[in-house]
Amino acid sequence: MTTDTMTGPPRQAQPDALPPGLKVTQWGVLRSEWLKFWSLRSSQISVVLAVIATIGLDCLFAWAAVSNYERLKARGAKLSDFFAADTALHAYFLVQLVVGVLGVLVVTGEYGTGMIRSSLAAAPKRLPVVWGKVIVFAVIVFVVTTISTFIGFLAAQPILNSDSLGVSLSYPGAVRAIIGIGFYLTVIGLIGSALGWLIRHTAGALAALFGLILIAPGLGELLPTTWQPHILPYLPSNAGGQIASIQPDPTGLALWPAVLTVCVWLVVLFAGGILVLKRRDA
Amino acid sequence: MIEARALTKRYGPKAAVDDISFTVKPGVVTGFLGPNGAGKSTTMRLILGLDAPTSGDVTVNGKHYAQHSAPLREVGALLEARAVHTGRSAYHHLMAQALTTGIPRSRVEEVIHLVGLQDVARKRAGSFSLGMGQRLGVAAALLGDPATLILDEPVNGLDPEGILWIRNLLRSLAAEGRTVFVSSHLMSEMSLTAEHLIVIGKGKLIADTSVADFINMASHKAVRVRTPEATRLRELLVGPEVSVTSVEHGLLEVSGRSSAEIGRVACDNSLPLEELTPVQASLEEAFMELTQDAVEYRTDKLAGAA
């Protein structure tokens with residue numbers, strides 16, 4: 001590069017350099033959000049981490065279930081109810097934190113750096129940015145977590161089968177639970193994004209998310225026992241547990257009420273986030 | 001063309017922008033001048049629809065910014081605080097902006113060359129110096145080849161070479177018939193770049209005029225007089241239109257009388273003069289004086305309320 005290009009009269013594009021009739025479209029914003037997602041190292045790392053953690057932890061939980069089973073059997077416990085296949089899917093407990101953080105960062109990363117002003121200057125109607133982020137994030141997280149849960153499930157069964165504890169994919173509820181985990185993790189990530197739009201600060205949104213999925217169930221146990229059945233099943237993590245299990249807890253919500261419950265959480269929080277985005281200055 | 005009508009933005013009781021009306025015309029560089037905190041950045045965010053006005057209205061090319069079907073084609077903006085994700089490369093940042101509006105990759109590469117970032121385009125924007133960050137902001141502003149450019153403090157952090165580059169760029173963009181609206185808190189920089197000035201202080205419009213007229217309007221023309229008979233001369237000169245200040249012992253600064261008039265008064269009264277010099281305020285002084293008024297006005301009001 002010569003000094004000339006720096007200080008000389010700048011070259012301007014010929015007026016015909018850009019095709020006529022350009023406009024902002026939802027499809028364009030979607031492609032932009034896709035590029036924005038993959039061009040950050042933090043998203044790449046989160047996705048890789050989610051894959052490794054899902055498969056690795058499912059195997060680890062399978063191994064732990066087997067050794068637990070051995071110990072109980074040695075003590076002569078009655079084990080007809082022992083169902084290890086669900087235990088071997090519990091990686092999602094931890095992966096929900098990875099996905100939740102990613103969901104928060106997709107939004108608060110833009111507020112923290114000032115990028116949001118560029119995003120909203122390009123798409124000043126604002127809602128296309130929200131939908132773009134939602135679709136990109138939901139597709140990526142659902143595909144990645146569902147496939148890795150499938151692989152985790154398949155990898156865990158040989159470990160469980162060392163004690164004949166494994167089940168096959170054709171076992172009732174197995175495929176439903178695997179897809180359910182992908183669905184639940186997607187919803188948790190999107191709840192993270194919704195909190196991001198609402199709160200705008202990474203630390204605050206993360207605190208709210210972790211409070212909701214980790215601390216609220218524990219605090220709920222402190223409620224009077226007559227209240228608990230009316231509140232606890234409807235927390236996103238408890239409803240999610242029903243969706244994510246091959247053999248759900250019979251005292252908890254049934255599948256579709258559980259799906260409805262997490263969707264209501266998601267829709268309500270997102271409605272709040274969108275309201276804040278439309279109303280408040282960027 | 002940018003048109004603001006009675007534009008007002010309040011944060012609580014404080015008005016950041018207070019009932020401002022102006023028009024920024026195409027074909028010239030219009031400087032937007034005011035001290036820090038005068039409301040320049042707020043006004044620019046209002047133009048882009050990032051903030052909503054409390055009352056009043058601002059349009060670009062006849063429409064609110066958000067109503068344009070391709071805002072990046074209409075208005076290119078460089079905002080003062082960096083509006084770039086630090087973890088993304090310059091190329092990906094520009095590409096992401098371009099995709100929203102369907103601007104082709106060739107244009108992204110073109111603006112990267114235009115601002116001289118081709119060697120670092122693949123590096124994370126967070127590793128950029130202030131000057132490189134400003135160049136990236138300019139590249140983003142030019143991306144849609146817009147008819148209107150809004151740049152908030154574009155020379156901030158640039159070295160002299162970069163400042164010269166910005167100055168030439170802005171002038172050539174205006175010469176192409178574009179509307180160029182540039183903010184700065186440096187009067188001297190604006191006097192070299194802009195032809196027209198919009199001056200604000202404490203959120204209020206102070207002037208909307210050509211650079212030349214602004215200097216005339218703002219310049220308090222004074223005459224410096226050195227005389228051993230300072231006290232007597234002062235008494236003879238002071239009047240309703242005339243103010244005399246004592247700079248130091250034996251040195252007066254007189255405004256409201258020309259040097260010829262002062263010389264005649266001294267001669268008529270047989271007062272010896274050692275120096276008689278017309279002084280013209282520099283641009284920076286002119287600007288400071290005008291914006292100082294806005295500050296003083298506010299202080300007076302507070303004192304009155306107390």
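View 1. Ser164(A) sits in the loop that joins helix 7 (127-160) to helix 8 (174-199) of chain A. The model shown here and in every view below is predicted. Most residues other than glycine have a negative phi. Ser164(A) is not a glycine, yet its phi is positive, about 55°.

**View 2. A loop aspartate in chain B.** Asp145(B) also has a positive phi, about 50°, and it is not a glycine. Its loop runs between helix 5 (130-142) and strand 6 (148-152) of chain B. Asp145(B) has 20 C-beta neighbours inside 10 Å. A residue needs 20 or more to be buried, so Asp145(B) counts as buried.

**View 3. Helix 2 of chain A and its cover.** Helix 2 of chain A covers residues 26-38, which makes 13 residues.

**View 4. Where chain A meets chain B.** The contact draws 47 residues from chain B and 39 residues from chain A. On the chain B side, helix 2 (71-74), helix 3 (90-101), helix 4 (105-114) and helix 6 (160-175) each give at least two residues. Which of the chain B elements gives the largest share? Helix 3 of chain B does, with seven residues. The chain B side has 22 nonpolar, 15 polar and ten charged residues.

**View 5. Helix 5 against helix 8 in chain A.** Two packed helices are described by the angle and the distance between their axes. The axes of helix 5 (residues 91-113) and helix 8 of chain A come within 7 Å and cross at roughly 35°. The crossing of helix 5 and helix 8 of chain A is right-handed. Helix 5 contributes residues including Tyr92(A), Val99(A), Gly103(A) and Val107(A). Among those from helix 8 are Ile181(A), Leu185(A), Ile188(A) and Gly192(A). The contact residues of helix 5 and helix 8 divide into 16 nonpolar, eight polar and no charged.

**View 6. Helix 8 against helix 12 in chain A.** The axes of helix 8 and helix 12 (residues 255-279) of chain A come within 8 Å and cross at roughly 25°. Angles under 35 degrees count as roughly parallel, so helix 8 and helix 12 of chain A are roughly parallel. Their crossing is left-handed. Helix 8 supplies residues including Tyr184(A), Val187(A) and Trp197(A), while those from helix 12 include Val262(A), Trp265(A) and Phe270(A). The contact residues of helix 8 and helix 12 are 16 nonpolar, two polar and no charged.

**View 7. A serine on a strand of chain B.** Ser246(B) lies in strand 11 (residues 243-248) of chain B. Ser246(B) is exposed, with 12 other C-beta atoms within 10 Å. What does Ser246(B) touch, leaving out residues up to four places away in sequence? It touches Ala230(B) and Leu252(B). Gly39(B) is 207 residues from Ser246(B) in sequence and 35 Å from it in space, C-alpha to C-alpha.

Key. Residues numbered from 1 in each chain as written. Chains lettered and ligands numbered in written order. Predicted model: local features only at pLDDT ≥ 70, side-chain atom pairs only at ≥ 80, totals over all residues. Contact = placed C-beta atoms within 7 Å. Helix = DSSP H or I, 4+ residues; strand = E, 2+ residues; numbered from the N terminus. Nonpolar A, V, L, I, M, F, W, Y, C, P; charged D, E, K, R; others polar. Expected span 1.5 Å × (residues − 1). Axes fitted to C-alpha atoms, helices over the stretch in contact; angles between N-to-C directions. Left-handed = near helix turned anticlockwise from the far one by under 90°. Parallel < 35°, antiparallel > 145°, perpendicular 65-115°, else oblique.
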